[in-house]
Amino acid sequence: MSLWLVILLTGLLTFGTRLSFILLLDRLRLPAWFQHSLRFIPLAVLSAIILPELASRNSIVDLSLRNPQFYAGALAVLVAWRTRNVLLTIIVGMVSLLLFQAILGII
Amino acid sequence: MNLKEEFWKGVRDEAPILLGVAPFGLLYGALAMDAGIGMPAAQAMSSILFAGSAQLIAVRMIGSGIPVLMIILVVFVVNLRHALYSASIAPHIRHLSPGWKLLLAYLLTDEAYAVTITHYHQAGDSTQKHWYFLGAGLTLWAAWQVSSTIGIFIGAQIPPDWPLGFVLPLTFIALVVPALKDRAGTLASVVAALAGLLTIGFPFRLGLLVAAFLGILTGMLVEGKPK
């Protein structure tokens with residue numbers, strides 16, 4: 001019983017969060033500074049997801065060679081910057097991660 | 001592009017991300033069964049809540065008998081970042097009917113948002129781009145439902161150092177880096193990334209929210225008053 005309550009309420013709250021500004025911006029005329037700041041949202045949120053994902057293991061910052069994700073990720077940043085190609089970035093990132101992991105396994 | 005082309009471009013652009021999402025769906029299904037949730041509820045959570053990391057946290061908490069109110073509060077906080085996505089996507093879908101808005105809000109996950117907002121910021125007629133959003137959103141939705149189901153019935157037969165989850169940050173890199181076109185945007189990104197790293201110990205993904213706000217604030221300050 002309480003399990004279904006959790007599912008329904010968390011679902012409703014999450015849906016409400018996702019819907020919040022979509023509805024609000026229908027009704028409100030927002031100031032220009034607010035509208036201008038919207039373009040920073042994807043850059044800021046996604047960047048704040050990316051770096052911790054690359055530079056940590058088990059919620060501890062790890063930039064050592066034992067964390068190949070960080071170096072594979074850095075290489076991917078370089079590829080994305082030079083080529084602007086999504087698939088190429090993913091492929092180079094994955095291949096270099098596997099290579100780094102293999103090298104790490106040998107050492 | 002017409003609506004059909006938009007839709008299928010959304011599907012195609014979302015496709016690589018599925019490599020990273022599917023292992024999490026399997027893991028969720030397996031963890032849900034370990035927590036003793038049972039099949040109908042576990043699958044219902046994937047379609048009603050439809051939020052990867054929140055579901056993983058929720059089933060862990062349910063399994064360890066944490067009070068209902070606490071679980072609901074934690075899931076709410078973990079998913080607060082979606083309000084930012086909502087604000088950022090809102091101006092682009094303002095012209096749509098209420099039905100479309102409800103549907104797209106339901107599909108507004110990290111992974112669908114990332115490709116869709118990138119698509120909106122690119123050139124081209126944006127009155128049809130909600131079909132791209134729908135294509136990306138439904139693709140992720142289907143993959144999440146199916147991978148959850150497989151996880152529920154078969155369990156997660158994934159080795160612990162399975163590298164496919166790495167596709168997610170790689171995709172986000174491929175979307176963000178080319179979008180860094182000016183000083184304000186680049187500094188917003190760098191500050192958010194560093195702040196995200198510094199706040200890594202914060203519970204319930206609160207570090208992500210703090211870092212995002214610091215990044216947005218940096219962007220606004222650097223850009224100064226709009227002309």
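In this predicted model, helix α1 (residues 3-34) of chain B and helix α3(B) cross in a left-handed sense. The two helices pack at an angle of about 15 degrees, and their axes are 9 Å apart. Since angles under 35 degrees count as roughly parallel, α1(B) and α3(B) are therefore described as roughly parallel to each other. On the side of α1(B), the residues that make the contact are Phe24(B), Tyr28(B), Leu31(B), Ala32(B) and Asp34(B), while α3(B) brings Gly52(B), Gln55(B), Leu56(B), Val59(B), Arg60(B) and Gly63(B).

The crossing of α3(B) and α4(B) is right-handed, whereas that of α1(B) and α3(B) is left-handed. Here α3(B) uses Ser53(B), Ala54(B), Ile57(B), Ala58(B), Met61(B) and Ile62(B), and these meet Ile71(B), Val74(B), Val75(B) and Val78(B) in α4(B). Of the residues in this contact between α3(B) and α4(B), 9 are nonpolar, 1 is polar and none is charged.

How many residues does the contact take from chain B and from chain A? Chain B gives 69 residues and chain A gives 61 residues. On the side of chain B that touches chain A, the largest share, 9 residues, comes from helix α9 (residues 167-176) of chain B. That side of chain B divides into 55 nonpolar, 11 polar and 3 charged residues.

With 22 C-beta neighbours inside 10 Å, Pro169(B) counts as buried, because the cut-off for a buried residue is 20 or more. Leaving aside its neighbours within four places in sequence, Pro169(B) is in contact with Ile50(A), Glu53(A), Leu54(A) and Gly73(A). Although Pro169(B) and Ile17(B) are 152 residues apart in sequence, their C-alpha atoms are 9.4 Å apart in space.

In soluble globular proteins, nonpolar side chains tend to be buried together. The largest nonpolar core in this model has 99 residues, and those with the most contacts inside it are Ala44(A), Ala48(A), Ala192(B) and Ala212(B). Helix α3 (residues 40-55) of chain A gives the most to this core, with 12 residues. Not counting residues up to four places away in sequence, Ala212(B) touches Ala44(A), Val45(A), Ala48(A), Arg81(B), Leu84(B) and Ala192(B).

Finally, helix α8 (residues 130-154) of chain B holds Thr139(B). Is Thr139(B) buried or exposed? With 25 C-beta neighbours inside 10 Å, Thr139(B) counts as buried. When residues up to four places away in sequence are not counted, Thr139(B) touches Val11(B), Glu14(B) and Ala15(B). From Thr139(B) to Met33(B), by contrast, there are 106 residues in sequence and 25 Å in space, taken from C-alpha to C-alpha.

Terms used:
Residues numbered from 1 in each chain as written. Chains lettered and ligands numbered in written order. Predicted model: local features only at pLDDT ≥ 70, side-chain atom pairs only at ≥ 80, totals over all residues. Left-handed = near helix turned anticlockwise from the far one by under 90°. Helix = DSSP H or I, 4+ residues; strand = E, 2+ residues; numbered from the N terminus. Contact = placed C-beta atoms within 7 Å. Nonpolar A, V, L, I, M, F, W, Y, C, P; charged D, E, K, R; others polar. Core = buried A, V, L, I, M, F, W, Y, C linked by C-beta atoms within 7 Å. Buried ≥ 20, exposed ≤ 12 C-beta atoms within 10 Å, placed from the backbone. Axes fitted to C-alpha atoms, helices over the stretch in contact; angles between N-to-C directions. Parallel < 35°, antiparallel > 145°, perpendicular 65-115°, else oblique.
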